[in-house]
Every structure is written in structure tokens, then in C-alpha cells.
Amino acid sequence: GNEMSIMALLWIISTTTFGSIMFYAEGEHPDTDMPSITASCWWTIATMSTVGYGDKAPKTNLGRCLGSCVVLVSMVFMALPMTLIVGKFSAAYDEMSNNEEEEGTNAEDKKEENG
């Protein structure tokens with residue numbers, strides 16, 4: 001619950017921040033693929049989600065450097081939810097295993113009492 005909400009908020013903040021910076025980095029190039037902040041945010045979303053449509057790409061050296069930063073940051077964004085999911089799965093599996101062990105122990109105790 002709460003962890004995923006925080007991740008979604010950080011994703012929105014990162015998208016808006018990187019999209020805005022990319023717009024200003026690419027804005028002076030005559031053949032830019034990012035004529036607006038929303039177009040730059042679209043590029044940021046496609047890049048951060050690792051989809052990378054290829055319909056937009058930075059043309060300036062500053063934009064390409066920023067694009068590299070976006071890719072590196074997106075690796076963290078993709079890795080963090082996986083650790084949350086694996087952690088929750090592991091906790092649920094441990095709880096299920098403990099419940100099965102307790103049920104098995106209770107059944108053995110009842111057999112001894114009745115036997």
C-alpha cells in the first residue's frame with residue numbers, strides 16, 4: 001500500500017522534473033523532438049518505463065547526457081518495486097509455512113492424546 005504510493009509519487013515528480021529539464025536542454029535545437037514540456041514528459045515516461053518507443057530522442061549533447069541520467073534513475077525505479085514485491089512474497093510464504101508446521105504439530109499432538 002503505502003510503499004507503492006510513495007513510489008508513484010516519486011515517479012510523477014521524476015517525470016515532471018526530467019521532462020522539464022529536457023525541454024529546456026533541447027528547446028534551442030531547430031530539429032527538436034521535444035517542442036513542449038508535455039512532449040518531453042512523454043519521452044521521460046517512455047524512457048523510465050524502459051519501453052523506449054523511439055518516436056522522440058534528444059538531439060543535443062546536453063540532452064543525451066540527461067537521457068543517460070534518466071536511464072540510470074529508471075533502473076532504480078524498476079528495482080525498488082521488485083524488492084517490495086519479493087519482500088512481501090517472502091513474508092507471506094514464511095507465514096504460510098509456519099501455519100502448516102503448526103497444523104502438523106497440532107495434529108500429531110491430538111494423535112498422541114487419543115492414541
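Start by selecting Glu100, Glu101, Glu102 and Glu103: together they form a negative surface patch. Lys and Arg count as positive here and Asp and Glu as negative, while His and the chain ends are not counted. A patch is built from residues with over 30% relative accessible area and no salt bridge, joining like charges within 9 Å and nonpolar side chains (Val, Leu, Ile, Met, Phe, Trp, Tyr) within 5 Å. Each charge is placed at NZ of Lys, CZ of Arg, CG of Asp or CD of Glu. The areas themselves come from the Shrake-Rupley method with a 1.4 Å probe, and for residues only the protein chains shown count as cover.

Before you click on, note that this is a predicted model, where local features need pLDDT of at least 70, side-chain atom pairs count only at pLDDT 80 or more, and totals for chains, interfaces and linings use all residues. Residues are numbered from 1 along each chain as its sequence is written, and side-chain values use heavy atoms, with hydrogens and water left out.

Stay on Glu101 for a moment. Glu101 sits in helix 3, residues 61-114, and is exposed at 52% relative accessible area. (Buried means under 20%, exposed over 50%, and partly exposed in between, with a 1.4 Å probe and protein chains only.)

Now zoom out to the whole chain. You'll find three helices and zero strands, running α-α-α from the N terminus on. Helices are DSSP runs of H or I with at least four residues, strands are runs of E with at least two, and both are numbered from the N terminus. Of the 115 residues, 25% are buried.

The chain averages 85, and 90% of the residues score at least 70.

Next, pick Ile6, Leu9, Leu10 and Ile13, which make a nonpolar surface patch of about 350 Å². Leu9 belongs to helix 1, residues 2-26.

Then show the side chains of Asp33 and Lys59, which meet in a salt bridge at 3.1 Å, N to O. That term needs a side-chain nitrogen of Lys or Arg within 4 Å of a carboxyl oxygen of Asp or Glu, and the count comes to one salt bridge. Asp33 lies in the loop between helix 1 and helix 2 and Lys59 in the loop between helix 2 and helix 3, so the pair ties together parts 26 residues apart in sequence. Asp33 is partly exposed at 22%, and Lys59 is partly exposed at 26%.

Thr50 is exposed at 57%, and its C-alpha is 8.6 Å from that of Met75, 25 residues apart along the chain. Gly54 is in the loop between helix 2 and helix 3 too, exposed at 61%. Draw a distance from its C-alpha to that of Trp43, 11 residues apart along the chain, and you get 8.7 Å.

Notes: pLDDT is the predictor's confidence in each residue, from 0 to 100.
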